[in-house]
Amino acid sequence: MGVVSYEFEVTSPIAPARLFKAFVLEAAKVWPTAAPHAVKSVELEGDASPGSIVKITFVEGLPYQYMKHQIGGHDENNFSYGYSMIEGGPLGDKLEKISYENQFVAAADGGSICKSSIKYYTIGDYVITEDEIKTLIKGSEVVYKAIEAYLLANPDACN
């Protein structure tokens, strides 16, 4: 098993508190509404404390049927959260898990910068390439941008 770390940032015109609410606190409601072309449902298995499981089910026609995230924790004061993808999605027989640490920080223009640190835990001798990592990130950005667009179009959502 190997571990490959990757860090990236993405900017948004949405304030950190609203993004945090949409991605963490109200994900079960927001994700299927904002991205109905991708997300069928978001279900919490547990009480949202560390160790609880979040199951994201995708609509038919996408490459993956579902994925499960294990909650690592979140900090509402610093708009940060961590989780590990432990089942489904792109894991297949090459990745044991993918761990994420994300934080929304205020940008000078009133929006946000989402800072992400990702660790890919590979199985056996498999080595994940930077191109594969970028492809995985690009896939998740589809949902990210849909949620951002939803928040822009619905200024009262996630306040």
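This is a predicted model: local features need pLDDT of at least 70, side-chain atom pairs count only at pLDDT 80 or more; totals for chains, interfaces and linings use all residues.
Local features need pLDDT of at least 70, side-chain atom pairs count only at pLDDT 80 or more, totals for chains, interfaces and linings use all residues, and side-chain values use heavy atoms, with hydrogens and water left out.

**Exercise 1. Work out the order of the strands in the sheet, and find its edge strands.**

Step 1: Helices (H or I, at least four residues) and strands (E, at least two) are DSSP runs, numbered from the N terminus. Two strands pair if DSSP finds at least two bridges between them.

Step 2: Read across the sheet. It's open, has seven strands with antiparallel pairing, and goes β1-β7-β6-β5-β4-β3-β2. The edges are β1 (3-12) and β2 (39-45), since each pairs on one side only.

Step 3: Check the pairs, starting from the β1 end. β1 and β7 are joined by 10 bridges, and Glu7 sits opposite Ser117 in β7. Between β6 and β7 there are 11 bridges, with Val105 facing Ile113 in β7.

Step 4: Carry on to the β2 end. β3 (residues 53-58) and β4 (residues 66-75) share five, while β2 and β3 share six. Now look at Thr57: it stands opposite Tyr66 in β4, and Ser41 stands opposite Thr57 in β3.

**Exercise 2. Find two hairpins, and say which helices lie across the sheet.**

Step 1: Take the turns. β4 and β5 make a hairpin with four residues between them, and Phe79 in that turn has a positive phi of about 55°. β6 and β7 make a hairpin too, with five residues between them; here Gly110 has a positive phi of about 95°.

Step 2: Helix α1 (residues 16-25) lies across β1, β4, β5, β6 (95-106) and β7 (112-122), at about 155° to β6. Helix α3 lies across β1, β2, β6 and β7, running at about 35° to β1.

**Exercise 3. Describe the largest pocket: what is its volume, and what lines it?**

Step 1: Define a pocket. On a 1 Å grid over the protein atoms alone, where a 1.4 Å probe fits, a pocket is an open set with protein on both sides within 12 Å along at least five of seven lines, whereas a cavity is a set the probe cannot get out of; lining residues have an atom within 4 Å of a point.

Step 2: Give the volume, which is the space filled by probe spheres set on the points, with points joined across faces, edges and corners. The answer is about 1,200 Å³.

Step 3: Look at the lining. There are 48 residues, and Trp31, Ile56, Met67, His69 and Tyr83 lie nearest the centre. Helix α3 (residues 130-153) gives the most, with nine residues.

Step 4: Sort them by type. You get 35 nonpolar, 10 polar and three charged (Ala, Val, Leu, Ile, Met, Phe, Trp, Tyr, Cys and Pro count as nonpolar, Asp, Glu, Lys and Arg as charged, and the others, Gly among them, as polar).

Definitions and conventions
Residues are numbered from 1 along each chain as its sequence is written. Contact means heavy atoms within 4.5 Å. Axes are lines fitted to C-alpha atoms, for helices over the stretch in contact, and angles run from 0 to 180 degrees between N-to-C directions.
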